Amino acid sequence: MSKPVIDVIIPAFNEEDSIGKVLEDIPAEWVREVIVCNNGSTDQTAAVATAAGATVLPQPKKGYGNACLKGMQHIASRSQQEQPDIVVFLDADYSDHPEELPKVVQPIIESNYDLVIGSRALGDLQPGAMQPQQIFGNWLATTLIRLIYNYRFTDLGPFRAVKYASLLELDMQDPNFGWTVEMQVKAAKLQMKTTEVPVQYRRRIGVSKVSGTIKGSILAGHKILWTIFKLI
């Protein structure tokens with residue numbers, strides 16, 4: 001894969017203070033299109049993203065997975081000749097470091113991997129960037145994946161790259177919290193070639209809609225575990 005076509009999908013819900021920074025830090029020479037999936041925001045997220053040059057898609061149906069699926073639907077609407085080689089997912093809250101995109105896609109380009117996870121556990125995690133319940137949840141989920149599916153992951157990190165053909169094969173369905181773990185479990189079941197690269201992770205701008213509340217953390221944790229066992 002000499003010069004791949006790369007599209008980026010960013011789910012966003014009320015991230016007007018951060019989305020501009022995210023878009024600014026994406027290395028433009030590496031990416032064909034950045035797709036911001038506006039997940040029912042009530043602030044200026046869509047306007048800021050549009051002004052920064054992103055393709056903004058409205059997705060009023062709430063849910064992280066629903067937003068990602070909207071971006072995939074947009075890509076699928078293109079002709080066969082216009083399909084990307086790689087799709088990259090990252091968050092809109094500026095916790096990821098978008099400038100690390102070349103490092104995340106490198107294993108696909110150079111070694112023909114299907115899926116690459118940007119691992120916060122292997123990388124530089126800023127103090128306070130992840131809540132204790134997130135760290136424990138990631139450890140538990142990845143341990144279960146290793147025990148059940150014999151695939152080794154250290155993180156369910158949002159910053160990830162996947163071959164577009166492999167993404168289609170995964171047949172993603174989850175509408176909300178189970179999106180990332182669904183992708184990794186299905187990749188394991190299909191025996192795809194996967195790896196991780198260490199990435200930096202900082203405190204997000206604003207309050208997390210999931211880990212920022214006790215209810216959100218419990219719901220997310222339950223959904224992640226349910227997804228792992230559902231797909232056995």
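A charge sits over a ring if NZ of Lys or CZ of Arg is within 6 Å of the ring centre and within 35 degrees of the ring normal. The model is predicted: local features need pLDDT of at least 70, side-chain atom pairs count only at pLDDT 80 or more, and totals for chains, interfaces and linings use all residues. Residues are numbered from 1 along each chain as its sequence is written, and side-chain values use heavy atoms, with hydrogens and water left out.

**Exercise 1.** Determine which charged residue lies over the face of Tyr 113, and which sits over the ring of Tyr 94.

*Solution.* Over the face of Tyr 113 lies Lys 193, at 4.6 Å from the ring centre. For Tyr 94, the charged end of Arg 202 is placed over the ring, 3.6 Å from its centre.

**Exercise 2.** State how many aromatic pairs the structure holds, and classify the pair of Phe 136 and Trp 139.

*Solution.* Rings of Phe, Tyr and Trp (its six-membered ring) pair if their centres lie within 6.5 Å; planes under 30 degrees apart count as stacked, over 60 as edge-to-face and the rest as tilted. There are three aromatic pairs in the structure. For Phe 136 and Trp 139, the ring centres are 5.9 Å apart and the planes stand at 35°, so this pair is tilted.

**Exercise 3.** Decide whether Phe 136 and Trp 139 are buried, partly exposed or exposed.

*Solution.* Buried means under 20% relative accessible area, exposed over 50%, and partly exposed in between (1.4 Å probe, protein chains only). Phe 136 has 49% relative accessibility and therefore counts as partly exposed. Trp 139 has 51% and therefore counts as exposed.
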